[in-house]
Amino acid sequence: MSNSECEVRCKALTVFERNCRSEDCAADLQLRGKLLLSSVDEKTQYLALGAVKNLSLNISIANLGDDAYDANVSFNVSRELFFINMWQKEEMGISCELLDSDFLKCSVGFPFMRSKSKYEFSVIFDTSHLSGEEDVLSFIVTAQSGNVERPESLHDNTLTLTVPLVHEVDSSIAGVVSPSSFMYGESVDTSNFIQLDDLECHFQRLNVTLQVYNTGPSTLPGSSVSVSFPSRLSPGGAEMFHVQEMVVGQEKGNCSFQKNPTPCIIPQEQENIFHTIFAFFTKSGRKVLDCEKPGVSCLTMHCNLSALAKEESRTIDIYLLLNTEILKKDSSSVIQFMGRAKVKTDPALRVVEIPHGNPEEMTVVFEALHNLEPRGYVVGWIIAISLLVGILIFLLLAVLLWKMGFFRRRYKEIIEAEKNRKENEDSWDWVQKNQ
C-alpha cells in the first residue's frame, strides 16, 4: 500500500473510546411505581367506577449499571383507558408516544441514561369510560434499554400495578300504598269492595307502588327487592291477602310471590246474639301488625331488577286484594298494617354501598277502620234488651222499697195525730187569752 492510500484511509477511520465500568457494559435498570386515584382518600383500596375520572402512575426508574442507551419504559394498559398526558417535575428529556390503544412507550434520557441516574415522572389516564366488566384494572410496566442486562438484575425491570374495580352506589327505596286507609263493617256499602268470580268474599283493593333509586356514582349492575306484609290476624288464622299481579317498570326485572290457594275464606263461628252484642261492645282500640314482631305471619314477595344507572329509578307496582270478611271477626276497631320493603345489592357483583347514604329499607303503612255500626237486627236486640233491663231494674227497686216498708206506713193515724196536736195547741192559746 502506498503512502498516499494510507493517508486517505487513516483519515476516514473513527476511533471510539470505551467508557464502561464492566466488561460487557451491562446496564442495571431498577423500576418503582405507585398508582394514585384522583380525588380519593389514600385509604380507599378500590376504584369506584364513575366516581374516579382519572388516575396516574407515578414511575421512578434508576440505572445502577453502565450508561443505558435507548432506555425506555413501556405500559400495557386496558383498551378502555385513554392516555391524557405525561407529567415531569423538571424537564429531564422524557417523551411518551401512544403506539397502540393499549400500549404506551416513554423514552427516558435520550440518547442514553447515565449511570447512577434516576428519573421520576407520572403518566395520567382517563378512567371515565371503564365498563367494569373486568374485576381488576391492571398495568404492566416494563423498563428496558439497548444495553445488555444481566439475568440476576432483571427482576426489578417489570412492575405490575393493579386496582380492584367496584360499583359504588347509593341505593334507596320509597313507596306508598293506595288507599292509605279504608272503612269496613257490616253496614259499609258493598260497592266500595270488589268480588272475584264465584266468590262470596268482599275484597278491598290495595295498590302498592315502590321506587328504587340509585344516586350513584356508579351504575348498580343488579339488585333485589324483598317486600313483606302481615298476612294473618293471628298465628293460626287465615290468609288475608291475595296477590293479583306484580309489575316492574319498563319490564326491566321480574318478581315472584306465593299465591294464596284459597283467597276467599269466611270464618264460621257458632255465635249467638249475646256473643255478637258482647263482641260489638268490646271492640278495642288499635291492633298493629308488623313483620318485625315475633310470631307474625307475613306474605313475602321478591323482585330481581336489572342494571340501574346513576340517578335512575325503577318502579314496582303491586296489586293486592284484602279479604275484609276476616277483618270483621276481629275485636279491634282499628287494624294497622306495617309492610316492609328492602333493596339489597349482591356483593358478588362487586357492589359497595356508600357509607351513611340513603336508607335501603322503608315501611309502608295502611289502616283498616271498623265503622262501629252494628247490624240491623243487633240494634233491635240492643233496644229490646235495654227495655227489658230497665223494667227489671224498676221492679227490683219497687220490691226493695216494699221490703223496707215504704208502702206500709199508717198515714191515717199520722193525720189524726197531727190534727189532735193542732187542736190542743188552739185550746191552749184560748186559755192563755182568757187569763
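Trainee: Which residue stands opposite Met246 in strand 21?

Mentor: Ile318 in strand 21 stands opposite Met246. Before we go on, this is a predicted model, where local features need pLDDT of at least 70, side-chain atom pairs count only at pLDDT 80 or more, and totals for chains, interfaces and linings use all residues. Residues are numbered from 1 along each chain as its sequence is written, and side-chain values use heavy atoms, with hydrogens and water left out.

Trainee: What counts as a strand, and how many helices and strands are there in the chain?

Mentor: Helices (H or I, at least four residues) and strands (E, at least two) are DSSP runs, numbered from the N terminus. Here the chain has 5 helices and 24 strands.

Trainee: And which strands pair with strand 21?

Mentor: Two strands pair if DSSP finds at least two bridges between them. Strand 17 pairs with strand 21 (residues 312-323) in the antiparallel sense over 7 bridges, and Val248 has Ile316 in strand 21 as its bridge partner. Strand 15 (residues 203-214) also runs antiparallel to strand 21, with 12 bridges; there, Gln211 stands opposite Thr315.

Trainee: In what order do the 4 strands of that open sheet come?

Mentor: The order is 13-15-21-17, with antiparallel pairing. Strand 13 (171-178) and strand 17 (241-248) are at the edges with a single partner strand each, so one side of each has no neighbour in the sheet. From one strand to the next, the twist averages 20°; for such angles, axes are lines fitted to C-alpha atoms (for helices over the stretch in contact), and angles run from 0 to 180 degrees between N-to-C directions.

Trainee: Where else do 4 strands form an open sheet?

Mentor: Look at the antiparallel sheet with the order 1-3-10-6. Its edges are strand 1 (29-37) and strand 6 (82-87), each with a single partner strand, so one side of each lacks a neighbour in the sheet. Inside the order, strand 3 (residues 54-63) and strand 10 (residues 118-126) run antiparallel and are joined by 9 bridges. One of the pairs is Leu57 with Val123 in strand 10.

Trainee: How many residues lie between strand 7 and strand 8 in their hairpin?

Mentor: There are 2 residues between them. Strand 7 (residues 95-100) and strand 8 (residues 103-107) pair antiparallel over 5 bridges, and Glu97 has Lys105 as its bridge partner in strand 8.

Trainee: Now the loops. Which peptide bonds are cis?

Mentor: Among them is the bond from Ser178 to Pro179, with omega near -5°; Pro179 is in the loop between strand 13 and strand 14 (181-184). The bond from Gly216 to Pro217 is cis too, with omega near 10°, and Pro217 is in the loop between strand 15 and strand 16 (223-230).

Trainee: Is His356 buried or exposed?

Mentor: Buried means under 20% relative accessible area, exposed over 50%, and partly exposed in between (1.4 Å probe, protein chains only). His356 is exposed, because its relative accessible area is 86%. His356 also has a positive phi of about 60° although it is not a glycine. Asp70 has a positive phi as well, about 55°, but Asp70 counts as partly exposed at 43% relative accessibility.

Trainee: What share of the 435 residues in the chain is buried?

Mentor: Buried residues make up 36% of them.

Trainee: And what share of the contacts with a separation of 6 or more comes from residues 24 or more positions apart?

Mentor: Contact means heavy atoms within 4.5 Å. Residues 24 or more positions apart account for 83% of those contacts.
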